[in-house]
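Student: I have a model open and want to work through its layout. Can we take it piece by piece?

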Amino acid sequence: MPSTKGDVPLISPAQNGLAAENFIHQSMAIIMEDAVKKATDVREKVCEWRSPEQLKELLDLELRDGGESESKILQRCRDAIRYSVKTTHPHFFNQLYAGMEPYSLVASFIVEALKPSLYTYEVAPVFTLMEDAVLRKMIEMIGWEEGGDGIFNAGGSMSNMYAVNLARYHHFPDIKEAGLSAVPRLVMFTSQECHYSISKAAALMGIGTKNVYMVPSDNRGKMIPSALELLIKTAKSEGAVPFMVNATAGTTVLGAFDPIQEIADICEKYNLWLHVDACWGGAALMSNKHQHLLKGIHRANSVAWNPHKMLMACLQCSAFLVRDKTNLLQRCHSSSASYLFQQDKFYDVSYDTGDKSVQCSRKPDAFKFWLMWKALGTGELEERVDRALATARYLAEEIKRREGFRLVMEPEYANVCFWYSPPSLRNLPDGPELWKKLHTVAPVVKERMMKKGSMMVGYQPHRDKANFFRMIVISPQASRLDMDFVLDEIHNLGKDL
Ligand SMILES: Cc1ncc(COP(=O)(O)O)c(C=O)c1O
């Protein structure tokens, strides 16, 4: 047998299993110390801010012909952790996710070590069954008594895109083969407060962002149903064809819940697909006390729900769920690749779920939720939601009590939006001059908190409102003491402005 082909040896250099194991052991120790223990230690910094130029220099990013020593690579691991933002730190409130969830983290490690891809039962038997079990339970919590279908995917934006595609396919099944020429001008409806992925979906799918009709919201950020109906009539009078409504359960900025029952009535009246984007607010379904926020969700045709947000599963963990028993997801997305989905396999091929997906390789994200759900039970998940909302309420009360702080509105969920006025602005009369100055406060406070590394809280302008802070409260990540810390720290960082 030849041992070379041309000048290329046909025998790989023996992989040193022991050296690989040793390297993984050493890096695991670094991960444990720096990315888990230190990252979640309240006495440590949330971030080590560096400008892109500084960071490029520090990280020595260039990839070269020769490899580096193991000790150098371990140092690179330490540096990657050091200069990354610690989103698991107790003072990270910047996004709709936060916190370290140990069971979910271990599930992620297992998944990375096993490297499965969730398309066929033959390569991912365990995770296929786990995904099914988690989807069933989520479907039960939504209240679809006759069952349904679903798929975990790479994020809530993707779930919303699935919804748009499925709604369109449901109304115009010819589109799959004939393309856009098979459909009239289609119009979809969503509130002004919706997540931007709805418009992205319209752009991606050839619907066009101008055909996303933005329904006005009330002053609490909830879609106004009568305005929805008016816009549906407008679209029809233009000769366009309305096909779906997206209702948001837990909006990104204000945490508002659209009135699903009334929207569902309108969808029934006009035969429109109802999708509920519950990526953020879906967690309230876990709570007896707060599930009323999503009243009527069982009437939706599809739901997007991200356990990686309020429920703290590791990123990404995002489910798209459909109230359908006719294999719509499969019919809409399948392409029946003969090298993956052979119909003459020796096992029940209904367990080969990958053809429902628009992805080929797909991570078994449901495992990250399944393991933590097993460990904590529904009871603890419910308590977490209740505690987060109680802590958000505490923060709101504290804001009302403290001089210089003002709520944008009473929180309905875990988004607490507020302004901070430094002492120099407190005696200015309410008017454009004050708001112009207030608008500049949050960006400076944000810059200071980042450079100090003490915490991360988001801010934004919103419609006609000047820049305000948006605190996101996720439990058990955040306690009452952390709420006090945030308000004290904002005052300390901004009192001289
Ligand atoms: C209401 C809402 N929907 C969808 C998304 C998108 O989720 P993802 O970040 O997983 O794509 C977000 C993200 O914050 C959101 O707030």
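Student: Which order do the strands of the open sheet of 5 strands have?

Tutor: Keep in mind that this is a predicted model. The sheet is open, with mixed pairing. Its two edge strands, β3 (92-93) and β11 (405-407), each pair on one side only. Read across, the order is β3-β13-β14-β12-β11.

Student: In which sense do β13 and β14 pair, and over how many bridges?

Tutor: Strand β13 covers residues 456-462, and strand β14 covers residues 465-472. Tyr459 stands opposite Phe469 in β14. The pairing is antiparallel, over 4 bridges.

Student: What angle does the direction of helix α14 make with that of β13?

Tutor: Helix α14 spans residues 441-452 and packs on the sheet. Helix α14 touches β12 (415-420), β13 and β14. Its direction makes an angle with that of β13 of about 160°.

Student: Which strands does helix α15 touch?

Tutor: Helix α15 (residues 480-494) also packs on the sheet. Its direction makes about 30° with that of β12. The strands touched are β3, β11, β12, β13 and β14.

Student: How far apart do the C-alpha centres of domain 1 and domain 2 lie?

Tutor: The domain assignment gives domain 1 as 116-364 and domain 2 as 374-494. In contact are 18 residues of domain 1 with 18 residues of domain 2. On the domain 1 side, these divide into 10 nonpolar, 6 polar and 2 charged. The centres lie apart by 31 Å.

Student: Which residues come nearest to the ligand?

Tutor: The shell around the ligand has 3 nonpolar, 11 polar and 1 charged residues. Of the 15 residues there, the nearest are Gly155, Gly156, Ser157, His195 and Thr252.

Technical notes: Residues numbered from 1 in each chain as written. Predicted model: local features only at pLDDT ≥ 70, side-chain atom pairs only at ≥ 80, totals over all residues. Near = placed C-beta within 6 Å. Nonpolar A, V, L, I, M, F, W, Y, C, P; charged D, E, K, R; others polar. Pairing = 2+ DSSP bridges. Contact = placed C-beta atoms within 7 Å. Axes fitted to C-alpha atoms, helices over the stretch in contact; angles between N-to-C directions. Domains from an automatic or database assignment.
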